[in-house]
Amino acid sequence: MPGRNTALYLSLGVVLAYCAVALSAPVIAPFDPFVISGPPLAPPDATHLLGTNDLSQDIFSRLIWGTRATMVLGFLGAVVSVVMGTAVGIVAGYYGGRVDEAVMRFLDVMMTIPFFPLLLVLTIFFRPGIYVTAVIMGLLGGLGSVRIIRSQVLSLAVADFVVGTKALGARDGYIMARHILPNVLPLVGVKFVTSAQHFMLVGIGLGFLGMGDPNVVDWGQMIERASKNGGIVLGLWWWLIPPGLAVTVISLALAWFAYACEERINPRFQVMRV
Amino acid sequence: MRMDDPLLCVRGLKVGFPTADGVVKASNIVDLTIRAGETLALLGETGSGKTVLGMAILRLLQPNTRIEGEILYRGRDLLSLPQEEMQKVRGREIAVVLQNSGTSLNPVLRVGDQIAEAITLHRGLKGAEAEAAAVELLDQVRITDPARMAREYPHRFSGGMRERALIALALACNPSFLIADEPTRGLDAVTKREILNLFSEVNRGRSVLFITHDIEAAASLAARVAVMYAGEIIEIGPVDAVLSSPAHPYTRGLLESLPAKGMRPIPGSAPSLIAPPPGCRFFPRCSCGAGRCEIEHPGLVEVGPGHYARCMLYD
């Protein structure tokens, strides 16, 4: 069992490494991921580190470029989800009453609709690009965050220090921004990391189901291609395994990072150390 | 404004909290006048409506609260003031020291920043200027090494220091009227004495509503005292008169329950505020209650110069 800090730094290191790869994809990738770079279905060798696919595209280059799509889907989705969840959650929890009632009943309705099928329908219908997909995921996935943030804010809104700040003559907007927000930020941070992990997996699921953006390379679409066009039948592991492994590692790293953060933030999870 | 002019007038204040079991009548026809520069102690046991009165003056009760009556501050009715105007009164004109010092400071903001924000809100000072003013205030409430402590978070402050920080926060804009809600609660005897001394020192010339259940603290700070029971003021008058010759049986009982005076408790417990006794609210516990106390609600009767009691004995 690695120590608390080991888990934190290791997982953070993995996430940062993925970000670095995504940013420097044009430099690292030996080939353009869309061009014909050699014979089709070639096994790994010195030029094609992970061989080529049925369209003669370099798999290693596609893997590198695919990092970008995954990062965009995960982090853009998480930003949208967390910003929306925090803003709406704080307003609903702070004002309470009718505002809160309206928001919560709307959420109840929205949350009866299963997330992934709804997302599938929307992508089939609108055929959005990767950025729009990320925003849609963020908005749908952020509904849960609204509830979590709102429930925290409900108790903060009647906290003595909030009453005290009102007694100083502060306006509601000021209190929400300066007194409520910093108190929910740790929660928002953890929610951001878990959302990013969730949206990456969902994005890859969409790609695998053929709903990916055809203009970008993503790991879901790679796995889909490998499974449909002979990768599995012919046992070409270098086509199928690398994208799957890449997803697993980033997903585990983010989950680990979120747990490590949560442990630090929530004193109840901490072992007494004298 | 001259001394002795009324600064704050509460007239016929009724406060009710709607609940599933009925309306909790937390305050029933409270009439109160606080003169410029005077300290009035509001004495009463837990649940008698002291804090409710304080919060009603600042209009900080829950939005669904039913409030009737008038609260005149410098002749303006605070209860009918628009929200914007009320925000200018809060902190600037009327400030409050809340009763739970442990939770009344935001745990994630530095103490100095919290005091500076009051200064920024009303005095228009920004950044370093506001910060310097905050340090000065902390110094004024006798926090040692104020410059360093201003940069600390509230959890680093002891109970007494938090109370001082809260006083500094309330005094940030030099308000004309201060509501202090049990500022000595939970403090040991020595710290309590220090806070009370500090209190009388920083509030010279200021009108103060000093909410407490500590009779000695009330006697040491206030010129007049009002005793509350079950949402009503049952006795009000000069401290000496009320404490040396209490007129209302409840006040007498309260004084006799002090350790120094025999520690005799008042039998029974405070009535439900959802369905209070129809006549005198103290009747069920009163030792000298007569038949009409049960049905007739007594008014305040003058029993001495400036000394009133809500009791049939003097009617």
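UniProt positions are given here in the numbering of this model, feature names are shortened, and annotations may be inferred rather than shown by experiment. Please keep in mind as you browse these views that the model is predicted.

Figure 1. Welcome to chain A, which has 10 helices and zero strands. Read along the sequence, the pattern is α-α-α-α-α-α-α-α-α-α. The C-alpha trace of chain A spans about 75 × 55 × 30 Å along its principal axes. Of the 274 residues in this chain, 45% count as buried. Among contacts in chain A between residues at least 6 apart in sequence, 70% join residues at least 24 apart. An unreviewed UniProt entry places the annotation "domain: ABC transmembrane type-1" on residues 67–258 of chain A. That span is 84% helix and 0% strand, and its end C-alpha atoms lie 20 Å apart.

**Figure 2. Helix H9 of chain A and its neighbours.** Here we look at H9(A), residues 219–228, which is largely enclosed by the rest of the structure because eight of its 10 residues are buried. The buried residues are A:Trp219, A:Gly220, A:Gln221, A:Met222, A:Ile223, A:Glu224, A:Arg225 and A:Ala226. They pack against three helices of chain A: H3, H8 (172–208) and H10 (237–265). After H9(A) comes A:Gly230, which has a positive phi near 105°.

**Figure 3. The open sheet of chain B.** Moving over to chain B, four strands make an open sheet with antiparallel pairing, in the order S2-S1-S4-S5. At the edges are S2 (22–35) and S5 (76–77) of chain B, each pairing on one side only. Strand S1 (residues 6–19) of chain B is joined to strand S4 (residues 66–73) of chain B by seven bridges in the antiparallel sense. To find your bearings, look for B:Val15, which stands opposite B:Ile67 in S4(B).

**Figure 4. Helix H1 of chain B, lying across the sheet.** H1(B), residues 50–57, lies across S1, S2 and S4 of chain B and runs at about 70° to S2(B). The helix is mostly covered, with eight of its eight residues buried. These are B:Lys50, B:Thr51, B:Val52, B:Leu53, B:Gly54, B:Met55, B:Ala56 and B:Ile57.

**Figure 5. Where chain B touches chain A.** The contact draws 21 residues from chain B and 15 residues from chain A. On the chain B side, helix H2 (83–89), strand S6 (94–97) and helix H3 (111–123) each supply at least two residues. H3(B) gives the most to this side, with three residues. Sorted by class, the side of chain B that touches chain A has 11 nonpolar, seven polar and three charged residues.

**Figure 6. The largest nonpolar core.** This core has 168 residues, of which B:Leu42, B:Ile115, B:Leu138, B:Ala168, B:Phe210 and B:Ala226 touch the most other members. Its largest share, 19 residues, comes from helix H3 (residues 59–95) of chain A. For a closer look, centre on B:Ile115: leaving aside residues up to four places away in sequence, B:Ile115 touches B:Ala134, B:Leu137, B:Ala168, B:Leu169 and B:Ala172.

Definitions and conventions. Residues are numbered from 1 along each chain as its sequence is written. Chains are lettered from A and ligands numbered from 1 in the order in which they are written. This is a predicted model: local features need pLDDT of at least 70, side-chain atom pairs count only at pLDDT 80 or more; totals for chains, interfaces and linings use all residues. A nonpolar core is a set of buried Ala, Val, Leu, Ile, Met, Phe, Trp, Tyr and Cys residues joined through C-beta atoms within 7 Å. A residue is buried if 20 or more other C-beta atoms lie within 10 Å of its own, exposed if 12 or fewer, and partly exposed in between; C-beta atoms are placed from the backbone. Two residues are in contact if their C-beta atoms, placed from the backbone, lie within 7 Å. Two strands pair if DSSP finds at least two bridges between them. Axes are lines fitted to C-alpha atoms, for helices over the stretch in contact, and angles run from 0 to 180 degrees between N-to-C directions. Ala, Val, Leu, Ile, Met, Phe, Trp, Tyr, Cys and Pro count as nonpolar, Asp, Glu, Lys and Arg as charged, and the others, Gly among them, as polar.
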